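Have it open next to you while you read.

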Amino acid sequence: MKLATVADRAQAILGALASVVVGKAETLEQVLTGLLANGHVLIEDYPGLAKTLIARLFAQALDLEFKRIQFTPDLLPSDVTGSFLYDQREGRFEFRRGPVFAHLLLADEINRATPKTQAALLEAMQEAQVTVEGERFELGPPFLVIATQNPIDLEGTYPLPEAQLDRFLMRIGVGYPTTEEEREILARRRRRGEDEARIAPVVSRDEFLAMQRALEEVFVAAPIEEYMVDLAQATRRDPRVALGASPRGTLALLKLTRARAALARRGFVTPDDVKAMAVPALAHRVILRPELWVSKVTPVQVVEDLLAQVPTPPAEPA
């Protein structure tokens with residue numbers, strides 16, 4: 001598939017979602033960028049801001065099999081991956097697949113489950129497979145996870161460990177709507193006549209996979225690659241940081257910038273692509289020193305500061 005076609009299909013997808021989700025064009029584009037880059041997306045924001053709706057609508061627009069897991073403290077790993085059950089009629093054990101066997105999985109309020117259950121997703125997110133009692137089962141393609149978590153609830157939650165955060169290609173927020181946007185939300189609900197909003201598929205699963213493969217055609221000049229590496233290295237040298245972004249973060253930045261360039265109908269990555277994707281790709285991989293937690297310094301601020309400090313290469317490819 002040509003990059004121009006990728007951009008056309010992407011705009012059609014975003015247009016379909018914008019017919020339901022009001023005033024969140026940037027958020028929708030970020031999520032689509034992550035999905036095109038074949039990565040998992042963590043949406044962290046307050047309740048009631050359409051996080052679940054966005055995940056479900058993307059599955060409908062991309063014609064992907066969709067499953068939702070409501071993470072709770074009593075959820076077990078087998079509730080995610082599935083388990084072997086004994087079939088008395090056949091006299092043997094059969095594997096009953098869990099909800100992880102989907103093309104797009106919504107892990108709703110992922111930080112409400114225990115670490116043991118959270119870890120059930122680690123293999124699936126990294127290897128697109130699950131192993132149960134020594135037997136391996138393939139997932140996808142595509143296998144994509146959109147996870148949500150509420151940043152204000154602390155009681156009864158289990159913060160995601162660094163290893164699991166590192167599996168997410170990007171972390172983004174949604175934000176509250178403006179007054180006009182909130183009025184439009186009410187108006188659309190009245191016109192729709194029901195709570196549930198649906199959209200028709202815009203592309204098929206095969207077309208979406210072709211869109212993902214087309215990103216390999218996006219050119220990345222050597223100075224741009226060096227810029228990405230310099231940013232990742234800077235997070236490890238910053239005195240405010242206990243643990244900087246991993247090489248997986250640099251790879252995430254590469255994939256996201258290529259997807260952003262394709263959406264912009266460009267066959268090459270620019271420094272602006274890197275600047276736009278640096279915070280979503282790197283901030284959740286940065287762990288600050290404990291003494292800075294009381295100073296209200298955040299990983300987002302650290303990455304933004306480094307973007308202002310690291311020299312920017314020329315915009316045009318060599």
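1. Arginine 68 sits across from leucine 106 of strand 5. The strand that pairs with strand 5 here is strand 2 (residues 66-70), in the parallel sense and over five bridges. Strands are DSSP runs of E with at least two residues, helices are runs of H or I with at least four, and both are numbered from the N terminus. Two strands pair if DSSP finds at least two bridges between them.

2. A word on ground rules: this is a predicted model, with local features needing pLDDT of at least 70 and side-chain atom pairs counting only at pLDDT 80 or more, while totals for chains, interfaces and linings use all residues. Numbering starts from 1 along each chain as its sequence is written, and side-chain values use heavy atoms, leaving out hydrogens and water.

3. Strand 5 also has strand 8 (residues 144-149) as a parallel partner, joined by four bridges. Within that pairing, alanine 107 has alanine 147 of strand 8 as its bridge partner.

4. How buried is strand 5 (residues 104-108)? Five of its five residues are buried, so the rest of the structure largely encloses it. Buried means under 20% relative accessible area, exposed over 50%, and partly exposed in between (1.4 Å probe, protein chains only). In a regular strand, side chains alternate between the two faces of the sheet. Here both faces are covered, with Leu104, Leu106 and Asp108 buried on one side and Leu105 and Ala107 buried on the other.

5. Now for arginine 260, which belongs to helix 11 (residues 247-263). Arginine 260 is partly exposed, at a relative accessible area of 25%. Leaving aside residues up to four places away in sequence, arginine 260 touches Thr33, Arg266, Asp272, Asp273, Ala276 and Met277; contact means heavy atoms within 4.5 Å. Proline 271 is eleven residues from arginine 260 along the chain, and their C-alpha atoms are 11 Å apart.

6. Zooming out, the protein has 13 helices and eleven strands. For 318 residues, a compact globule would have a radius of gyration near 20 Å, and the protein agrees at 20 Å. That radius is taken over C-alpha atoms, and the globule rule is 2.2 Å times the number of residues to the power 0.38. The C-alpha trace spans about 70 × 50 × 40 Å along its principal axes.

7. Of the 318 residues, 47% count as buried. Among contacts with a separation of 6 or more, 78% are between residues 24 or more positions apart.
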